[in-house]
Amino acid sequence: MTGPRTRTPQEVFADHGTRLGTGDLDLISRNYTEDAVFLTPDGVLTGREGVKEGIGRLLSDLPDADWQLAPRFAGDVLFLRWTAAGSAHEVLDGVDTFVFRDGLISAQTVRYTLTERTK
């Protein structure tokens, strides 16, 4: 007899993208483990509350942005290069790393430079 099916990192990441599109931080944070670690150049945020804080910053920096993603998976790790363009700001050098455990995100690094968008 087998246990419940665990989502693959690819499935978790696809669901994560869908949830990010809603802007609902509670919904987004449920794709993370309870003890998740969210690392940024400004510091380390922990748990789902930390995830909500970190993702909340990202979403407020780039409201209604058009995202371009280049994911690269290796087992339970994802290296993600990304760009995003909103009405006022853009990011051309976004880089995240995700670590997956038991069908959830257990760690994420986030690094990007926010600049005024040139039209």
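Trainee: Why is T33 called buried?

Mentor: T33 has a relative accessible area of 5%, and because buried means under 20%, exposed over 50% and partly exposed in between, with a 1.4 Å probe and protein chains only, T33 counts as buried. Please keep in mind that this is a predicted model, in which local features need pLDDT of at least 70 and side-chain atom pairs count only at pLDDT 80 or more, while totals for chains, interfaces and linings use all residues. Residues are numbered from 1 along each chain as its sequence is written, and side-chain values use heavy atoms, with hydrogens and water left out.

Trainee: Where is T33 placed, and which residues does T33 touch?

Mentor: T33 has its place in strand β1, where strands and helices are DSSP runs numbered from the N terminus, a strand (E) having at least two residues and a helix (H or I) at least four. Not counting residues up to four places away in sequence, T33 touches R48, R101, L104, I105 and S106, a touch or contact being heavy atoms within 4.5 Å.

Trainee: What makes the pairing of T33 and D35 a polar contact?

Mentor: The side chains of T33 and D35 are joined at 2.9 Å, and a polar contact is a pair of N or O atoms within 3.5 Å, one able to donate a hydrogen and the other to accept it, with residues adjacent in sequence counting only through side-chain atoms. The pair T33 and D35 is therefore counted as a polar contact.

Trainee: How do you know whether W82 is buried or exposed?

Mentor: W82, which is found in strand β4, has a relative accessible area of 3%, so W82 is buried. Leaving aside neighbours within four places in sequence, W82 is in contact with a list of residues that includes L58, L62, W67, L69, V91 and D96. With D96, the side chain of W82 makes a polar contact of 2.9 Å, and the C-alpha atoms of W82 and D96 are 8.1 Å apart in space although the two are 14 residues apart in sequence.

Trainee: Which residues touch the most other members of the largest nonpolar core?

Mentor: They are Y32, F38, L62, W82, F98 and F100, in a core of 22 residues, where a nonpolar core is a set of buried Ala, Val, Leu, Ile, Met, Phe, Trp, Tyr and Cys residues joined through side-chain atoms within 4.5 Å. At least two residues of this core come from each of α1 (9–22), β1 (32–40), α3 (47–61), β4 (77–85), β5 (89–101) and β6 (104–111), and β4 gives the largest share, 4 residues. In soluble globular proteins, nonpolar side chains tend to be buried together.

Trainee: How do you know that the buried residues of α1 line one face?

Mentor: The buried residues in α1 are P9, V12, F13, H16 and R19. Seen down the axis of α1, they fall within an arc of 125 degrees, so they line one face of the helix, the arc being that of the directions from the helix axis to the C-beta atoms. The face turned away from that buried side carries the exposed residues T18 and G21.

Trainee: What makes F13 and F98 an edge-to-face pair?

Mentor: A search of the whole structure finds 6 aromatic pairs, and in this one the rings of F13 and F98 are 5.6 Å centre to centre, with 70 degrees between the planes. Rings of Phe, Tyr and Trp (its six-membered ring) pair if their centres lie within 6.5 Å, and planes over 60 degrees apart count as edge-to-face, under 30 as stacked and the rest as tilted, so F13 and F98 are an edge-to-face pair. The pair links F13 in helix α1 with F98 in strand β5, 85 residues apart, and both F13 and F98 are buried.

Trainee: Why is the pair of W67 and W82 called tilted?

Mentor: The rings of W67 and W82 lie 5.1 Å centre to centre with 45 degrees between the planes, an angle neither stacked nor edge-to-face, so the pair is tilted. W67 belongs to strand β3 and W82 to strand β4, 15 residues apart, and W67, at 30% relative accessibility, counts as partly exposed.

Trainee: What makes D64 exposed?

Mentor: D64 has a relative accessible area of 80%, so D64 is exposed. D64 is found in the loop between α3 and β3 (66–74), and its phi is near 55 degrees, a positive value in a residue other than glycine.
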